[in-house]
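Colleague: I am new to reading protein models and would like a close look at one part of this one. Please pick a stretch, walk me through its neighbours, and then show me how it sits in the rest of the chain.

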Amino acid sequence: MITNYLKIAWRNLVRHKAYSAINIAGLAIGVAACLLIFIVVRYELSYDDFQKNYSRIYRVVTETKHSDGSEEHNPGVPYPAVDALKADFPQFEKIAAINSSYGSQVTVLGDNPNSDVAASKKFIEDNNVIFAQPAYFDIFTTKWLSGDAKALNDPANIVLDRKTASKYFGDWKDATGKFLKLDNTLLLKVSGIIEEAPANSDFPVKAFISYEAFKQYGDKYGFSKEWGSLSSNHQVYVMLPQNLDPAGMQAQLKAFAKKHSNPNGRNDRSEILQPLKDMHFDYRYGTLGDHSSSKTILWTLALIGMLIILMASINFINLSTAQAVGRGKEVGIRKVMGSSRAQLIRQVMGETFLIVLCSMLLAIIIARLSIPYLSHVANTPKDISLFSPGSILFLLSVLIGVTLLSGTYPAMVVSGFKPALALKNKITSANIGGISLRRALVVTQFAISQILIIGTIVAVSQMNFVRNADLGFNKEAVLLLPSHSDSVNLSRMKPLKQQLLQNPGVISVSFANDEASSDNNWASNFAFDHKEDEDFPAFHKYGDEDYIKTFGLQLIAGRGYSASDTMHEIVVNETLLKKCGVTDPQKAIGKQLRIGGGSWLPVVGVVKDFKTNSLREEVKPLTITAQQTTYYALAVKLRTNNLSQTTAQIQKLWENTYPEYAYTSHFADDTIERFYRQETQLSLLYKIFAGIALFISCLGLYGLVSFMAVQKTKEVGIRKVLGASVGNIVIMFSKEFTILISMAFLIAVPVAWYFMNGWLQNFVYRISMDAWIFILAIVASLGIAWMTVGYRAVKAALANPVTALRSE
């Protein structure tokens, strides 16, 4: 019996090649898209879930609420908080502090610690080197290949992961006992090798150095004993006992903050326990990895995947119920011969299963071919596996679910035919009760398509706005190079700057701790005009006297600070003055400001607000001053003509100045582009899925119009004989679908506005959802639908009416 069902199902597929192709193509593309979305969502949700103590690991982060309602979020804690947490919270099972080192240079010395640095191999590690306490390895699951966590008790030791050890020494087994130099300052001995972290980890650390070394070289790496100093690089992780309720710890942590870092109570600052399971999805605090994700976006992608599957299933239902008219005699004969309704249902479900199975096999091929390109639109590794227990279970679920979704209604319709009407060939699309449903399904399809079109327009428009927004400074052609401010290299700074300025392709040069816009948030308490500390922190940029000129910052009052190696004058931004109650920038000139527990500095200038972070965040209160020992970057403003020649000349000069260091560089606009990598990927995904949705909708539309053309062959012939033009025939076919698409638009507009307006709230600076966005969506939908319907309608209208009437 089953063999007979499958044989008949195959014959029906072959007999109706066009409709079978439409169904299989739509379902295959839909399932392939859904499978790829599943792989992305599963991968993002799996971050760090391999950790043995996953549910017990927390990061201590800092949240500050100000009296004006604004909030500051920082993943770091003050440096003295490490010892204080250990003393005040003995209930924490483990506590470990780390400090990230960005842009560190590692020089491979090999067996001889006195090897010539200039002649040795050098590597730049962007953000994969951290100073850590030994307890870090008690908290996070680590496989040791050589040595153990005790290695970090010695400030002269370093632990490498296997891949990095192999990169430095050729074979990781030869690395133990060899010497490295960090930033040409710390001489370190390799004392342990660990397995590298999986790709789905927010802790892709390549090298671990003792936290004690960080404290010893505090001046170089920013260590401070002040409670008011807060850096996002300095973080603390804790592991809670099995039965300790983290919610009960929050009040104690609030009291801890009041006791130590906020004794005057001028702001509501507290430490908070952030679960490891939430770290990857909270962009406010970020991670040590290369990106944060958003659960809202992931669930949106999952919803889009399900909607695309639904659209493909709608195609199947529409075409199957439309085709049911042609199966009247077959069903009538089967019923007369004794077939029960259950047998007919099984037959139709068998046909559906065969189509879905063929679609799924084709979908797997499409998905497999797409895997290498998936990393361009999502943060997945290029070698991510298509097949896993989860994806196989997903495919089986889709196979069963789509078969039931697509086949149930057509099976009920076909099996419900009355034998008498069926044998007399009196079954029509009007009396099988499917017209209203087909119209509703077409409306549903195009509503989904238009939601995705509107989402695409909004996402692309927002990203264009971000790229072209006025950031308050000139980001174009500013080249960033590493700088070194240790005692040996301080004397090289001024000669290098003078030589760079002699290059005709260079406009301006500035040594600084940071570029104008970055994700680095260095903040501390401060006081203004000889008053008590303000109840909000100030964020700091340090640069030489040409910092303002190099980045094109706009002075609205006063002047820039004069040349100095240390802090002696200071420039502030508009936001800092407004929060201090100063409305006229001119009145701030001559006032004094104190950073942390330092000296009072005269305010000599006020710059117009500029975006120091991404457009998701408000402008922060900012100070800019000189401090030569913090200059880790060299910013060079270039002329845009002969750019490649100028950068090559700069590289040669830099390498001659710093022969013991490795050269690396990037442009300021590259940093800004990285801020919005996830949003850029999202806008690209919207484009792809909107295209897929429209393609599936148009496939179904073409199939329905083709069926209508066959059903209306005699009507079209009579109309042409009576004088109807080709245009009249096209309008006859297009009118109903135009009405249905317009109805879909009315449904899509509020839904799309709700979701995309919510997404835009992630940006402090954003576009408005104007009427043109929605007008463009409906015009695009109608235009594509008219082309789809028009092509088939014109073909029907151009047919010879004599042939049509004779065949009837």
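Modeller: Two strands count as paired if DSSP finds at least two bridges between them, and strands (E, at least two residues) and helices (H or I, at least four) are DSSP runs numbered from the N terminus. This is a predicted model, where local features need pLDDT of at least 70 and side-chain atom pairs 80 or more, while totals for chains, interfaces and linings use all residues. Residues are numbered from 1 along each chain as its sequence is written, and side-chain values use heavy atoms, leaving out hydrogens and water.

Let's look closely at strand S1, which covers residues 57–65. Of its 9 residues, 8 are buried (under 20% relative accessible area, with over 50% called exposed and anything in between partly exposed, using a 1.4 Å probe and protein chains only). Who are the pairing partners of S1? One is strand S14 (residues 268–275), joined to S1 in the antiparallel sense over 8 bridges. Within that pairing, Val60 has Leu273 of S14 as its bridge partner. Strand S13 (residues 234–239) also pairs with S1 in the antiparallel sense, over 4 bridges, and here Arg59 stands opposite Tyr237. Strand S2 (residues 71–74) is antiparallel to S1 as well, again with 4 bridges, and Thr62 has Asn74 of S2 as its bridge partner.

Now step back to the whole chain. Its secondary structure comes to 25 helices and 26 strands, and 55% of its 808 residues count as buried. Taking contacts (heavy atoms within 4.5 Å) with a separation of 6 or more, 81% join residues 24 or more positions apart.

S16 is joined to strand S25 (residues 633–638) by 6 bridges, and Ser510 stands opposite Ala635 in S25.

In helix H23 (residues 726–760) you will find Ser734, which is buried, with a relative accessible area of 10%. Apart from neighbours within four places in sequence, Ser734 is in contact with Trp786 and Val789.

Asn184 lies in the loop between strand S9 (179–182) and strand S10 (186–194). Its phi is near 55°, a positive value in a residue other than glycine, and Asn184 is buried at 15% relative accessible area. Asp529, in the loop between strand S18 (526–528) and strand S19 (538–542), also has a positive phi, near 60°. Asp529 is partly exposed, with a relative accessible area of 26%.
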